[in-house]
Amino acid sequence: MATIVVDVMPKPELLDPQGKAVAGALQRLGHHGIGGVRVGKRFELQIDGVIDEAALADARIVAEELLANGVIEDVVSVRESAS
């Protein structure tokens, strides 16, 4: 079985309170070189058979229609898993 990975992130123009909380925690822990954090989602789709262009296109449709909230999120990548 093969795996397709879908990454979803908040739209850049929107506030990311979860990312802001993580950035604040990093500062408090002494990690001062990190300027900002954005928190997103990763989905792993198990596919029967091989991953080809058609499977990736279908996964992108699934991502746009179901996995991402198009009002506040963007699908930033749909790719075959490296492992």
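Asp7 counts as buried because its relative accessibility is 17%, where buried means under 20% relative accessible area, exposed over 50% and partly exposed in between (1.4 Å probe, protein chains only). This is a predicted model, in which local features need pLDDT of at least 70 and side-chain atom pairs count only at pLDDT 80 or more, while totals for chains, interfaces and linings use all residues. Residues are numbered from 1 along each chain as its sequence is written, and side-chain values use heavy atoms, leaving out hydrogens and water.

**Sheet**

- Three strands make an open, antiparallel sheet in the order S2-S1-S3, strands being DSSP runs (E, at least two residues) numbered from the N terminus, and two strands pair if DSSP finds at least two bridges between them.
- The edge strands, S2 (41–47) and S3, each pair on one side only.
- Strand S1 (residues 2–10) is joined to S3 by seven bridges, and Val6 stands opposite Val78 in S3.

**Salt bridges**

- The whole structure holds five salt bridges, each a side-chain nitrogen of Lys or Arg within 4 Å of a carboxyl oxygen of Asp or Glu.
- In one of them, Arg79 pairs with Asp7, with the closest N and O atoms 2.5 Å apart; Arg79 lies in strand S3 and Asp7 in strand S1, so the pair ties together parts that are 72 residues apart in sequence.
- Glu73 forms a salt bridge with Lys41, the closest N and O atoms being 3.2 Å apart, and this pair links strand S3 to strand S2 across 32 residues.
- Glu73 counts as buried at 14% relative accessibility, whereas Lys41 is partly exposed at 36%.

Conventions:
Helix = DSSP H or I, 4+ residues; strand = E, 2+ residues; numbered from the N terminus.
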